[in-house]
Amino acid sequence: MVSDLLPITEDDIPVICNYINDEGELYNKYYNRAYCSNIIENTLRKDNVVGYKIEKDNIIVAFLVFNIDPDINILEHFFIAKPYRAYKSVMVPMHKKLVDTFKNQELIFYKLHDKVDAITKYTDKNNKILLDKLEVKLLKILGVH
């Protein structure tokens, strides 16, 4: 069974780094794992950064991390392991968290590589997440009109 959204803990940071680094290496032959791990770890430890994970059998299968700032909100990471990318029980809570947290605010997402589409299909050319479009999709999935 897939868990609800849970806060990311200090113990989750190495696992999250590995997921992001594996994805980065897959699509960028010049990807620097050590350099990126350092950035990811520092980001996850900032006071204004919030992260959530979804687990299955105590293994992280998805996570999202966002930076809340008075000037700009940034979705730092949005990851779903391949076997779970079609699971409503994974996608819905992650999208709902974004919509509920940032409704009527601006949220930016800079993708790691060009193959990202779980969230980038809801962004404009300036990397702004179109939360209204995301909310419409979410309501459609939930059967709410």
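Lys103 and Glu135 join their side chains in a salt bridge, with 2.6 Å from N to O. This pair ties together distant parts of the chain, 32 residues apart. The model is predicted. A search of the whole structure turns up nine salt bridges. Side chains of opposite charge can pair when their charged atoms come close.

**The Lys103–Glu135 bridge**

- Lys103 sits in the loop between α3 and β5 (107-109).
- Glu135 sits in helix α4, which covers residues 131-142.
- Lys103 has 40% relative accessibility, so it counts as partly exposed.
- Glu135 has a relative accessible area of 23%, so it is partly exposed. Buried would mean under 20%.

**The Asp22–Arg33 bridge**

- Asp22 pairs with Arg33 in a salt bridge, and their closest N and O atoms are 2.9 Å apart.
- Asp22 is partly exposed, because its relative accessibility is 42%. The exposed class begins over 50%.
- Arg33 is partly exposed, because its relative accessible area is 25%.

**The Asp100–Lys96 bridge**

- Asp100 and Lys96 form a salt bridge through their side chains, at 2.7 Å from N to O.
- Both residues lie in helix α3, which covers residues 88-102.
- Asp100 and Lys96 are four residues apart, about one turn of the helix.
- Lys96 has a relative accessible area of 38%, so this residue is partly exposed.

**A network of charges**

- Salt bridges also link Glu10, Glu41 and Arg45 in a network.

**A nonpolar patch**

- Leu139, Leu142 and Val144 make up a nonpolar patch on the surface.
- Together these three residues have about 230 Å² of accessible area.
- Leu139 is part of helix α4. Glu135, from the Lys103 bridge, is in helix α4 as well.
- Leu139 is partly exposed, because its relative accessible area is 31%. A patch takes residues with over 30%, so Leu139 passes that cut-off.

Methods:
Residues numbered from 1 in each chain as written. Predicted model: local features only at pLDDT ≥ 70, side-chain atom pairs only at ≥ 80, totals over all residues. Heavy atoms only, no water. Salt bridge = Lys/Arg side-chain N within 4 Å of Asp/Glu carboxyl O. Buried < 20%, exposed > 50% of the residue type's maximum accessible area, 1.4 Å probe, protein only. Helix = DSSP H or I, 4+ residues; strand = E, 2+ residues; numbered from the N terminus. Patch = residues over 30% accessible without salt bridge, like charges linked within 9 Å, V, L, I, M, F, W, Y side chains within 5 Å. Areas by Shrake-Rupley, 256 points an atom, 1.4 Å probe, with all protein chains shown as cover.
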